[in-house]
Amino acid sequence: MIEATGLTKRLGGRAVVSDVSFRCEPGTVTGFLGPNGAGKTTTMRMLVGLSTPDAGTCAVLDRDYHTIANPGRHVGVLLDAAAQHPGRSGREALIISARLMGVPDARVDELLTLVGLDTSAAKKRVRQYSLGMRQRLGLANALLGDPQVLILDEPANGLDPEGIRWMRGLLRDFADRGGTVFLSSHLLSEVEAVADRLLIIGQGKIVADGTRDELLAGTGVLVKATDPRELENALHSAGLAAQRLDDESYVVDADAEAVGRAALNGGVVLTHLAPSEGAGLETLFFQLTETPA
Ligand SMILES: Nc1ncnc2c1ncn2[C@@H]1O[C@H](COP(=O)(O)OP(=O)(O)OP(=O)(O)O)[C@@H](O)[C@H]1O
């Protein structure tokens, strides 16, 4: 379990994380989504005690992270895969972590196999690793102490599509066995397939928080017309909030009947009217991405 309440952090004279609250429950994967610079890393750093909040509190497994004895045995953390010691081999890096945590050396080999680093890769120095290999090593390190919670910052960065699919399976399995997963990404497509919950952050503030199904379902209807301009006018006259998705489509925060009536009253010929199935979420995310941080 992870809990954040009113987390706020000021850096460089401005609030880069502002009043952020959320909970991650055991048995679930929470995707923490936001464009670059939105405040994901800063939030995660506060969760694991690397940064002190200016306001608010956070707890992992009902405790302040600092007070967890031998934290690697309870919380697996991967914040910056690129920052691992370049001069050690992957296996050496894991052996050092294992000994620090009091985990038998044999577990290192289990983990190397699990994350797909073979004997030859495990012997190479980390400086020779690709980013994808570093992510695999970082994940092995996070899992080494058999933790109940995983906190992973952009773990899919540098992985190829097959690697991303593999990681999804691993995280899903971890959560299905009762673990709590909190992972960040700047790509909706990367997490929507694995996350049960989505927490979306933009410019330091939470802009959406809910189960993936709620967020995907509760986003109105997708509508298209022969004349998009007339459609926009008709929706506006009916007082319906519409977001333009592309040249011909709008996502409207209303039910299909209300949109159909607005079109009828405006004499607009519709060519498509259906549940948006996440198009609204994509629009929201797209708008956040376009907004400079
Ligand atoms: N030490 C610092 N001093 C000043 N500003 C900072 C500092 N660290 C981060 N920031 C700023 O805080 C904002 C949030 O950064 P953060 O790294 O948390 O975002 P992010 O969502 O993780 O994005 P990214 O994926 O690019 O790291 C950014 O605008 C960043 O420039």
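Which residue stands opposite Arg14 in β2? Leu11 does. The model that this report describes is predicted.

## Overall layout

The chain has 293 residues, of which 42% are buried. Its secondary structure comes to 11 helices and 13 strands. Among contacts in the chain with a separation of 6 or more, 72% are accounted for by residues 24 or more positions apart.

The chain is divided into two parts: domain 1 covers 2–216 and domain 2 covers 220–277. The C-alpha centres of domain 1 and domain 2 are 40 Å apart.

## Strands β1, β2 and β4

Strand β1 comprises residues 2–11 and strand β2 residues 14–24. The two run antiparallel and are joined by 7 bridges. They form a hairpin with 2 residues between them. Gly12 lies in the turn of this hairpin and has a positive phi of about 55°.

Strand β1 also pairs with strand β4 (residues 55–60), in the antiparallel sense and over 5 bridges. Within β4, Thr57 is the bridge partner of Thr5. In a regular strand the side chains alternate between the two faces of the sheet.

## Surroundings of the ligand

There are 13 residues around the ligand. Those that come nearest are Gly12, Val16, Asn36, Thr41 and Thr42.

By residue class, the shell around the ligand divides into 4 nonpolar, 8 polar and 1 charged. Helix α1 (residues 40–47) gives the most to this shell, with 3 residues.

## Nonpolar cores

In soluble globular proteins, nonpolar side chains tend to be buried together. The largest nonpolar core of this model holds 63 residues. Leu47, Ala140 and Ile151 touch the most other members of this core. Helix α5 (residues 131–143) gives the most to the core, with 6 residues. A second, separate core has 15 residues, including Val221, Leu222, Leu235 and Tyr250.

Which residues is Ala140 in contact with, leaving aside its neighbours within four places in sequence? They are Leu94, Leu111, Leu112, Leu114 and Val115.

## Ile206 in strand β9

Ile206 is found in strand β9, which consists of residues 205–211. Is Ile206 buried or exposed? Ile206 is buried, because 21 other C-beta atoms lie within 10 Å and the cut-off for a buried residue is 20 or more.

Leaving aside neighbours within four places in sequence, Ile206 is in contact with Val20, Phe22, Leu199, Ile200 and Ile201. Ile206 and Ala59 are 147 residues apart in sequence, and their C-alpha atoms are 18 Å apart in space.

Most residues other than glycine have a negative phi. Asp19 is not a glycine, yet its phi is positive, at about 50°. Asp19 lies in strand β2. With 14 C-beta neighbours inside 10 Å, Asp19 counts as partly exposed, because a residue is exposed at 12 or fewer, buried at 20 or more, and partly exposed in between.

Asp146 is another residue other than glycine with a positive phi, near 50°. Where does Asp146 lie? Asp146 lies in the loop between α5 and β6 (149–152). Asp146 is partly exposed, with 14 other C-beta atoms within 10 Å.

## Pro228 in helix α9

Pro228 lies in helix α9, which consists of residues 228–237. There are 18 other C-beta atoms within 10 Å of Pro228, so this residue is partly exposed.

Once its neighbours within four places in sequence are left aside, Pro228 is in contact with Asp247 and Glu248. Pro228 and Arg244 are 16 residues apart along the chain, and 9.5 Å separates their C-alpha atoms.

Technical notes
Residues are numbered from 1 along each chain as its sequence is written. This is a predicted model: local features need pLDDT of at least 70, side-chain atom pairs count only at pLDDT 80 or more; totals for chains, interfaces and linings use all residues. A residue is near a molecule or strand if its C-beta atom, placed from the backbone, lies within 6 Å of it. Helices (H or I, at least four residues) and strands (E, at least two) are DSSP runs, numbered from the N terminus. Ala, Val, Leu, Ile, Met, Phe, Trp, Tyr, Cys and Pro count as nonpolar, Asp, Glu, Lys and Arg as charged, and the others, Gly among them, as polar. A nonpolar core is a set of buried Ala, Val, Leu, Ile, Met, Phe, Trp, Tyr and Cys residues joined through C-beta atoms within 7 Å. Two residues are in contact if their C-beta atoms, placed from the backbone, lie within 7 Å. Domain bounds come from an automatic or database domain assignment. Two strands pair if DSSP finds at least two bridges between them.
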